[in-house]
Amino acid sequence: METATPTNFLQNIIRQDLDSGRVREVVTRFPPEPNGYLHVGHAKSISVNFGLAESFGGRCNLRFDDTNPEKESQEYIESIIADIEWLGYRWDGEVRYASSYFQQLYDWAVHLVKEGNAYVDDLSADEARALRGTLTEPGVNSPHRERSPAENLDLLERMKSGEFDEGSRVLRAKIDMASPNMNMRDPILYRIRKVPHHQTGDDWVIYPTYDFAHGQEDAIEGITHSICTLEFEDHRPLYDWFIEHLPVPHKPRQYEFGRLNPSYTVTSKRKLRHLVESGVVSGWDDPRMPTLSGMRRRGYTPAAIRRFCEMIGTTRKDGVVDVAMLEFAVREDLNENARRGMCVLDPLRVVLTDVPEDHLETLSAPGHPNRDDLGERELPFTRELYIDADDFREEANKKYKRLVLGKRVRLRNAYVIEADEVVKDTAGNIVEVRAHVVPNTLGENPEDGVKPKGVIQWVSASHGRTAQVRLYDRLFSHEAPDKGDNDYLDHLNPESLAVIDNAWVEPALAAAAPEASFQFEREGYFVADRHDHSPERPVFNKTIGLRDSWNEGAA
RNA sequence: UGGGGUGUCGCCAAGCGGCAAGGCACCGGGUUUUGAUCCCGGCAUUCGCAGGUUCGAAUCCUGCCACCCCAGCCA
């Protein structure tokens with residue numbers, strides 16, 4: 001029997017709306033402001049909005065909420081579009097812009113003015129703040145609150161025509177300065193900003209605020225369920241007030257869900273920007289960043305991110321989600337779909353003394369242990385090989401299942417070998433292991449019955465390729481780097497990046513396409529860097545390690 | 001000290017008056033040419049706390065407590 005997929009509160013609401021006939025179809029929207037790069041938190045919102053539309057056979061729009069030209073740019077628009085496409089979602093129709101509704105929004109502002117529901121205020125920002133009251137004290141009416149509709153209309157038109165300076169006047173809704181909800185204390189609808197807009201150029205010098213724009217944008221587009229995060233909950237009465245007082249073509253409703261806060265990271269735009277600008281990371285797409293472009297470069301897959309968003313559910317509760325869940329989703333997808341390969345991160349030379357100098361044997365290994373469709377790869381087997389320095393010890397207890405002097409180990413996809421001798425430099429460091437091949441052990445156990453205890457990866461010293469491997473770890477060493485009194489910069493993990501320039505990989509890996517993911521057996525999942533990798537100079541980023549139940553301390 | 005929210009296992013999360021799903025993490029055991037995967041088993045007598053209603057409550061009522069959001073001409 002199938003495990004019943006639990007429904008979340010939004011699905012329940014939509015189901016009811018559909019059943020009751022309140023709406024005929026579901027129309028949602030993902031409305032980013034183009035003022036930064038998308039991060040894992042946006043992935044949740046994208047998943048919720050696109051996912052809901054998809055599961056109910058509806059539509060989801062992509063709309064840039066570009067009402068504040070000062071912070072926005074075309075660069076962000078492009079990165080956001082690329083990220084959403086990468087995640088695999090497809091929006092309905094063309095990309096939309098709040099800015100293309102500016103005239104309609106202005107007409108509606110005029111409507112409010114004519115109805116006596118909005119007025120032009122001459123107060124400065126400081127003066128307005130002083131009269132707004134506090135959380136516990138009511139505000140005081142502006143002295144300009146009772147201007148006539150005619151006077152307000154005249155003033156509004158002059159604001160629009162550019163007659164007034166920035167900050168000298170605003171248009172406000174006439175609601176209630178004593179409301180316990182701060183958003184209802186005569187909120188600002190328009191402010192003067194004499195800066196060019198990335199979409200409308202110099203057409204406008206007044207711009208609508210989020211509150212005056214968002215609900216009406218939803219109304220214009222026929223959005224049925226306008227889904228946002230919890231901090232907008234207090235704005236809903238205002239959202240509804242505009243819909244009530246304006247001749248809008250449609251009445252959308254707003255619903256809120258709890259933001260996603262993964263552990264061991266920060267998602268505030270300001271903090272992410274600081275990490276980039278201060279050089280803590282290499283850019284917005286640094287593999288340690290929680291941005292979609294960062295996760296992409298890290299090797300996280302769209303499927304894994306989508307799966308993660310489904311796993312954590314959608315509720316009205318704010319909480320911290322253990323990144324281990326994201327990492328699980330990544331491993332789950334990669335384990336299933338990534339080809340296998342062998343990579344030696346810390347090379348230790350092994351000379352097989354019974355193999356001739358010019359011996360070259362081409363072994364074959366499966367691309368994936370249980371997926372024939374992923375093909376095979378060729379492994380050159382030669383007299384000199386590299387194994388990982390961690391996989392050899394002169395002596396060890398029985399828990400150590402790798403190569404030990406005088407003992408045997410299986411070379412993955414190849415023969416069993418037995419270590420005979422250790423070569424050290426003058427400082428006493430092990431520089432080479434001399435061993436011999438146990439006969440007839442390709443795909444077979446040793447005929448003498450002495451089975452190797454473990455299996456290790458290896459690469460031909462003469463036919464393998466060197467590669468740069470970047471080992472990434474969590475950027476922060478604290479579960480909640482910016483919670484409470486924490487200064488997130490105090491919790492940066494100093495070991496979040498280690499670069500290995502002389503790793504050895506099997507030849508097939510050098511030919512990998514950029515962004516191809518692999519499991520380097522016994523090491524973890526790695527991705528060919530989308531920018532720096534080339535067959536001539538292989539570069540791999542560590543996506544995530546394998547789950548590891550080996551307790552090193554015990555050995 | 002105003003208003004709006006949220007409190008179910010370490011984390012996420014079902015549950016909507018009939019006697020606590022599931023996932024992550026963790027801990028055992030089995031299989032294994034990856035100490036991976038896979039498989040099997042364990043993991044809340046209890047649902048923020050205290051009362052009350054009821055044959056019966058995590059689910060209803062009352063009162064507390066904790067945490068989050070709101071005083072941008074940001075979104």
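The legends below describe close-up views of a predicted model, in which local features need pLDDT of at least 70 and side-chain atom pairs count only at pLDDT 80 or more, while totals for chains, interfaces and linings use all residues. Residues are numbered from 1 along each chain as its sequence is written, chains are lettered from A and ligands numbered from 1 in the order in which they are written, and side-chain values use heavy atoms, with hydrogens and water left out.

View 1. Of the atoms of RNA strand B that come within 4 Å of the protein, sugar and phosphate make up 65%. The surface near RNA strand B has 24 nonpolar, 18 polar and 24 charged residues, where Ala, Val, Leu, Ile, Met, Phe, Trp, Tyr, Cys and Pro count as nonpolar, Asp, Glu, Lys and Arg as charged, and the others, Gly among them, as polar.

**View 2. Side-chain atoms beside phosphate and base of RNA strand B.** In the side chain of Glu 521, an N or O atom is 3.4 Å from a base nitrogen of RNA strand B. Elements that give two or more residues to the surface near RNA strand B include helix 5 (125-131), strand 6 (188-192) and helix 11 (302-312), and the largest share, four residues, comes from helix 12; helices (H or I, at least four residues) and strands (E, at least two) are DSSP runs, numbered from the N terminus.

**View 3. The largest pocket.** Among the 32 residues that line the largest pocket, Arg 402, Arg 522, Glu 523, Asp 548 and Trp 550 lie nearest its centre. A pocket is an open set of points, on a 1 Å grid over the protein atoms alone, where a 1.4 Å probe fits, with protein on both sides within 12 Å along at least five of seven lines, and lining residues have an atom within 4 Å of a point. The largest pocket holds about 990 Å³ of space, a volume being the space filled by probe spheres set on the points. Its lining divides into nine nonpolar, five polar and 18 charged residues, and strand 29 provides the largest share, four residues.

Definitions and conventions
Near = heavy atom within 4 Å. Polar contact = N/O pair within 3.5 Å; in protein donor to acceptor, adjacent residues only side chain to side chain.
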